[in-house]
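I opened this notebook to record what I looked up in one protein structure. The entries follow the order in which I consulted it.

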Amino acid sequence: MACPMELDLVAFAKGELTPSEQEKVRQHLPTCVDCQEELDAVEELFGGIAALPSVRPSADFAARVTRALSADPEYAKLARETRRPIPHGGKRRPRGV
Ligand SMILES: [Zn+2]
């Protein structure tokens with residue numbers, strides 16, 4: 001059965017809760033198997049993410065993505081509808097150009 005406390009265990013694991021919220025979780029954890037298991041899963045996930053190698057995109061990555069998007073009629077239509085210009089290599093064009 002899911003815990004009715006609805007605690008933010010992700011924020012807890014990341015140390016992003018206020019001290020009083022953090023204390024609330026600390027007091028609740030020993031009393032709730034659901035939250036203990038959830039926190040274990042969150043910490044295992046974070047550990048897995050931390051263990052991943054870092055990846056550097058190639059120098060032309062943004063340009064290749066932009067080219068691929070520009071060639072997609074659906075994206076071009078969406079860009080027109082939202083009035084957002086298709087990005088050019090991550091650089092913004094000045095207004096009116
Ligand atoms: Zn709980």
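The entries below go from the whole chain to single residues.

Entry 1: confidence. I noted at the outset that this is a predicted model. I looked up the confidence and found a mean pLDDT of 87 for the protein. I also recorded that 85% of its residues reach 70 or more. I then compared the elements: helix H2 (residues 19–28) has the highest confidence, at 96, and helix H5 (residues 73–82) the lowest, at a mean of 83.

Entry 2: overall build. I looked up the secondary structure and found 5 helices and 0 strands. Along the sequence I read the pattern α-α-α-α-α. I next asked what share of the 97 residues is buried. The value is 2%. For contacts with a separation of 6 or more, I noted that 45% join residues 24 or more positions apart.

Entry 3: helix H3. I found that helix H3 covers residues 33–50, which is 18 residues. I looked up its reach from first C-alpha to last and recorded 25 Å, close to the 26 Å expected at 1.5 Å a residue. I also checked its cover: H3 is hardly covered, with a count of 0 buried residues.

Entry 4: Glu38. I located Glu38 in helix H3. Is Glu38 buried, exposed or partly exposed? I recorded it as partly exposed, because 19 other C-beta atoms lie within 10 Å, whereas a buried residue needs 20 or more.

Entry 5: Leu69. I located Leu69 in helix H4, residues 61–70. I recorded Leu69 as partly exposed, because it has 15 other C-beta atoms within 10 Å. Between Leu69 and Ala79 I noted 10 residues of sequence separation and a C-alpha to C-alpha distance of 10.0 Å.

Entry 6: Glu6. I found Glu6 in the segment before helix H1 (9–13). I looked up its phi and noted a positive value, near 50°. Most residues other than glycine have a negative phi. I finally asked why Glu6 counts as exposed. The reason is that Glu6 has 7 C-beta neighbours inside 10 Å, and a residue is exposed at 12 or fewer.

Key: Residues are numbered from 1 along each chain as its sequence is written. This is a predicted model: local features need pLDDT of at least 70, side-chain atom pairs count only at pLDDT 80 or more; totals for chains, interfaces and linings use all residues. Helices (H or I, at least four residues) and strands (E, at least two) are DSSP runs, numbered from the N terminus. Two residues are in contact if their C-beta atoms, placed from the backbone, lie within 7 Å. The expected span of a helix is 1.5 Å times one less than its number of residues. pLDDT is the predictor's confidence in each residue, from 0 to 100.
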